Amino acid sequence: MTAPSLLETHPHEFGAHLLFTEYDLKPYFAARNSIQEHDGGGSDLATFEHNERTYTITFSYQSSGIAPRDKDDINEVHEYRIRVHEVDAPERKASFLIQPRWASMETKEGKPIPTPDVLGVNVKTQGANIEPDAYPTLLRKAARRLDINAQYFEEVHDYSTIYDAARYVRVREEKSRKIHSRNGVLKRIGELIAETDYRKLVQDDRKKSGYYHTVTFSSSGAHKLLQHRYAKEIKHYHTKHPDSFDEDDPLRHPKLETSFQKSKNKSGAVPWHERDRLKRELEEQILNLLGWTGLPLRDDGYTYISDGYHDVDESERDLQLIDDPTPEIRDEQDALVVQKLRDMNESDVEVIDEIVADGGAKPREIAEDTEYHLSTVYRALKRLEELVERGEDGVRVASRHLAQRLHDAVQDAEEVLKQTVDKAARALDMSEKELDRRGSALVRWMQEYGGEIEDPENEVPMVEIRNLTGTDIKEAVRELLRAWEKVGKSVRRLKLGTVKYDHPRLDRKDFADIGGVANRRGTVPAKSRRR
């Protein structure tokens, strides 16, 4: 079966430690001799060709702080840096810092330096806009022009690792708004990913809408989203002053980028031999996110922008593409809240309220603030373990979405929930027990939108939405249809009904056919709720 043709993603920042041991320290001493022959180095010492591009070479050295071995006839251990960049596109570049490595290394002050038990050189490799596989090739070509034997850098050792990698696509500004919008996919991921390790959501619109939005998550978050292994950051961002560029300038338009996050990754750096898997994960994250946003996964000639380093292109690739998992994750968390709220006793409510209010707390602090015995707090946390997570800093709610849902619920948990459940049960002609099993998504929808549903047997259904809070009416109706289907009710029948809602431009209520609204192609922004 032929793989589908998909949009190409582009390499951006990259960092790796490439270890070479086949020739022991010969590469290091060859670099030392070369820097002497080139009078201490310099800029634009030579050029070479790679993939029909011309690169220029800069050569320099720096102090390492490493004490020399007794057997080596040198007084100072330097490190030697080879920099290359494309002549016509200087941001396509690489830096190779050649560092000696041997067992039991020490600083000049006699402090041990943690190193693997090898004899050779580590080449700290950094660069941008270059595919990972090309870095060793560029190193060999640059070394050859500096009269360093290129064979020294043929065999990359198994201990070599990648600590930074990013890929991106440049999206036309008007098309990227769905990514970073108020209810966009980045926000949904940041609010819904529940994990014990790390997550972070940043939304900076100070210079313009969508200026710098990121969501960062650890390995467990990556697994939750796409069954991936590596921690990542997804970033939508503009250049520093985007509005200073003309409409036809690529820098006017933002990048959507996914990068590997070593510090949040369960296993740390990625082994060099797993670089293809890392690239695949970064590509899958970008393409899936585009798909979840409704943007094309192929080059349509408009949505994606070529820049000075990469052209928009597509190729046949066998990548994992799935439906947006965030609605299902949200429904699971909402169902959990509904279920747990019904079972909570007074101490449970006070404990969860304390955690939500403080953004997290240690058990002893919770006991002091609630005046419960510490053992009572621990028993409550045991009952609430599906809602909370424990870390070094204490106990916190497992996701932002759960925290918000619990905050809203705890304010008037019993009365508000009872009213909503009663309404849902009447609308569905269903017992509360059955509603608890199948109807949590509908209960959540009614709570969020202030929804009322009437479905009399011999009349058309009637739906009223009292609280759109800036959400598109089409999206609100589609969420209702998904929730309606989950409880086993006829979506086809509900589409024949009428929805009553606040008109986005007129200060009055409006009526529309549910099926017509759900099938609209464009978007109709709903009127924001007055506060």
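Modeller: Two strands pair if DSSP finds at least two bridges between them. Strands (E, at least two residues) and helices (H or I, at least four) are DSSP runs, numbered from the N terminus. This is a predicted model, in which local features need pLDDT of at least 70, side-chain atom pairs count only at pLDDT 80 or more, and totals for chains, interfaces and linings use all residues. Residues are numbered from 1 along each chain as its sequence is written, and side-chain values use heavy atoms, with hydrogens and water left out.

Biologist: How many bridges join β17 to β18?

Modeller: Four bridges link β17 to β18 (residues 462-465), and the two run antiparallel. Glu454 is opposite Met462 of β18.

Biologist: What order do the strands of that open sheet take?

Modeller: The order is β17-β18-β19-β20, with mixed pairing. β17 (451-454) and β20 (509-513) are the edge strands, each pairing on one side only.

Biologist: Which strands does helix α15 touch?

Modeller: Helix α15 (residues 473-486) packs on the sheet and touches β17, β18 and β19 (498-502). Contact means heavy atoms within 4.5 Å.

Biologist: Changing topic, which residues of α2 are buried?

Modeller: Buried means under 20% relative accessible area (1.4 Å probe, protein chains only). Among the buried residues of α2 are Tyr135, Leu138, Leu139 and Arg140. Their cover includes β2 (10-20) and β7 (120-128).

Biologist: And what comes after α2?

Modeller: Asp147 follows α2, and its phi is positive, near 65°.

Note on methods
Buried means under 20% relative accessible area, exposed over 50%, partly exposed in between (1.4 Å probe, protein chains only). Axes are lines fitted to C-alpha atoms, for helices over the stretch in contact, and angles run from 0 to 180 degrees between N-to-C directions.
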